[in-house]
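Biologist: Here's the model I wanted to go through with you. Take me through it, and tell me what each label rests on.

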Amino acid sequence: MEIANLITHVGTLFGADILASSTAFDEASISVPRDRIVEVLTKLRDDPKCQFEVLIDICGVDYPERAERFEVVYHLLSPRLNQRLRIKISTDETTAVQSVNDVFPAANWYEREAYDLYGIRFIGHPDLRRILTDYGFQGHPLRKDFPLTGYVEVRYDDEKKRVVYEPVKLTQEFRDFDFESPWEGPNYIIPGDEKAQRS
């Protein structure tokens, strides 16, 4: 099925529930309401013209300027029909999304990852806890307002013979890295060059 035909067919399946649709890089994308995600994914899996039987990934995207700052993106694959579809929903920091673990068991770890890295919560998930960061980790590292240095640093202490957590201490100022070609030379005076120019 061609992409245009796929979008048309999906449009007939869901009607007004499709908030937006687009095509990029030979893949179709649709946006649906947050509270309909389980029904939409179930229909896409079971419909004979779609047969999206594989959940490739669930990921988050952070848009801090929006009221609903997070997009949860589901990537589906139909091996039998050789087609892909991306489904997007929006949510905020406090509103949870329905888990699709019963529709696609692979969603278990993907939802845990989205929770860990973005703080997106999923209702009905069997074991929603951190998966990539440490147990005592504060915050969600892929949010755009999370500091680059984090809040705590981890190191092994030889005296205490254990791993210790400490507030981040930067031992030097942030450095300004110069990525210009060394063959062309920099556009500024290197310390010490002023002596060479006097002679």
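Modeller: Let's start with α3: its buried residues pack against β3, β4, β6 (97–98) and β7 (122–123). Packing here goes by contacts, meaning heavy atoms within 4.5 Å. Bear in mind that this is a predicted model, in which local features need pLDDT of at least 70 and side-chain atom pairs count only at pLDDT 80 or more, while totals for chains, interfaces and linings use all residues. Residues are numbered from 1 along each chain as its sequence is written, and side-chain values use heavy atoms, with hydrogens and water left out.

Biologist: Which residues of α3 are buried?

Modeller: Ala107, Glu111, Arg112, Ala114, Tyr115, Asp116, Leu117 and Tyr118. Buried means under 20% relative accessible area, exposed means over 50%, and partly exposed is in between (1.4 Å probe, protein chains only).

Biologist: How do you know that the span of α1 agrees with its twelve residues?

Modeller: The expected span is 1.5 Å times one less than the number of residues. For α1 that gives 16 Å, and its end C-alpha atoms are 16 Å apart, so the two agree.

Biologist: What makes you say that the buried residues of α1 line one face?

Modeller: The buried ones are Leu6, His9, Val10 and Phe14. Down the axis of α1 they fall within an arc of 120°, so they line one face of the helix. The arc is that of the directions from the helix axis to the C-beta atoms. On the other side, Ala4, Thr8 and Thr12 are exposed. Cover for the buried residues of α1 includes β2, α2 and β5.

Biologist: And α2, which of its residues are buried?

Modeller: Ile37, Val40, Leu41 and Leu44. Their arc is only 95° around the axis, which puts them on the same side of α2. They get their cover from elements that include α1, β4, β5 and β6.

Biologist: What is a nonpolar core, by your rule?

Modeller: A set of buried Ala, Val, Leu, Ile, Met, Phe, Trp, Tyr and Cys residues joined through side-chain atoms within 4.5 Å. The largest one here has 32 residues, and Val10, Ile37, Leu41, Leu44, Tyr74, Leu85 and Ile87 touch the most other members. Elements that give two or more residues to this core are α1 (3–14), β2 (27–31), α2 (37–46), β3 (54–62), β4 (70–78), β5 (83–91) and α3 (107–118). Leaving aside residues up to four places away in sequence, valine 10 touches Gly15, Ile18, Ile30, Leu44, Cys50 and Leu85.

Biologist: Why is phenylalanine 25 called exposed?

Modeller: Its relative accessibility is 83%, so phenylalanine 25 counts as exposed. It is in the loop between β1 (20–24) and β2, and its phi is positive, about 55°, although it is not a glycine.

Biologist: Where does lysine 161 lie, and is it buried or exposed?

Modeller: Lysine 161 is in the loop between β8 and β9, and at 59% relative accessible area it is exposed.

Biologist: How do you know that β8 and β9 pair?

Modeller: Pairing takes at least two DSSP bridges between two strands. Six bridges join β8 (residues 152–157) to β9 (residues 162–167), and the strands run antiparallel. One of the bridge pairs is valine 152 with proline 167.

Biologist: And why is glutamate 53 neither buried nor exposed?

Modeller: Its relative accessible area is 35%, so glutamate 53 is partly exposed. This residue lies in the loop between α2 and β3 and touches Arg45, Leu77, Arg80 and Phe104, not counting residues up to four places away in sequence.

How values were computed:
Helices (H or I, at least four residues) and strands (E, at least two) are DSSP runs, numbered from the N terminus.
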